[in-house]
Amino acid sequence: MKTLLYAATCLAVFGLAFWAYRENYATQQVLKDTRALQRQIGAAQVRLSVLRAEWAYLNRPQRLRDLADINFDSLGLLPLRPDQFGRVDEVSYPAPPELEISNEIEVSGLNAGSQP
């Protein structure tokens with residue numbers, strides 16, 4: 001009986017060691033993947049900051065004003081004035097379309113003209 005107990009204990013120890021070995025390598029792989037994702041996120045943030053700087057550089061008011069002046073003949077762009085803006089209550093919205101019912105609808109299995 002002791003031999004059977006020793007063999008079962010030995011198999012349990014081997015099984016747990018195998019499980020711990022697999023979990024260790026799975027954890028290491030997840031950590032490598034996490035580091036790779038963090039590097040990609042960092043690179044994307046750097047690219048995003050460069051793109052934001054380029055966007056700010058390209059949208060400088062003086063540059064846009066110069067472009068508008070250069071292309072005035074083809075675009076006809078003029079500065080905005082306060083009287084060009086309207087109020088929301090001045091907007092006329094279209095009326096919703098009226099729905100027309102073309103077929104009779106039976107309610108609870110009764111005809112429209114019959115008594116219960």
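Modeller: Let us start with Asp83, which counts as exposed because its relative accessibility is 57%; buried means under 20% relative accessible area, exposed over 50%, and partly exposed in between (1.4 Å probe, protein chains only). This is a predicted model, in which local features need pLDDT of at least 70 and side-chain atom pairs count only at pLDDT 80 or more, while totals for chains, interfaces and linings use all residues. Residues are numbered from 1 along each chain as its sequence is written, and side-chain values use heavy atoms, with hydrogens and water left out.

Colleague: Which residue meets Asp83 in a salt bridge?

Modeller: A salt bridge is a side-chain nitrogen of Lys or Arg within 4 Å of a carboxyl oxygen of Asp or Glu. Here the side chain of Arg81 meets that of Asp83 at 3.2 Å, N to O. Arg81 is partly exposed, because its relative accessible area is 42%.

Colleague: How many salt bridges are counted by this rule?

Modeller: The count comes to 3. Asp89 forms one with Arg87, the closest N and O atoms being 3.2 Å apart, and both residues are exposed. Arg87 also meets Glu90, at 3.5 Å, N to O.

Colleague: Which residue lies over the face of Tyr57?

Modeller: A charge sits over a ring if NZ of Lys or CZ of Arg is within 6 Å of the ring centre and within 35 degrees of the ring normal. In this case Arg60 lies over the face of Tyr57, at 4.1 Å from the ring centre.
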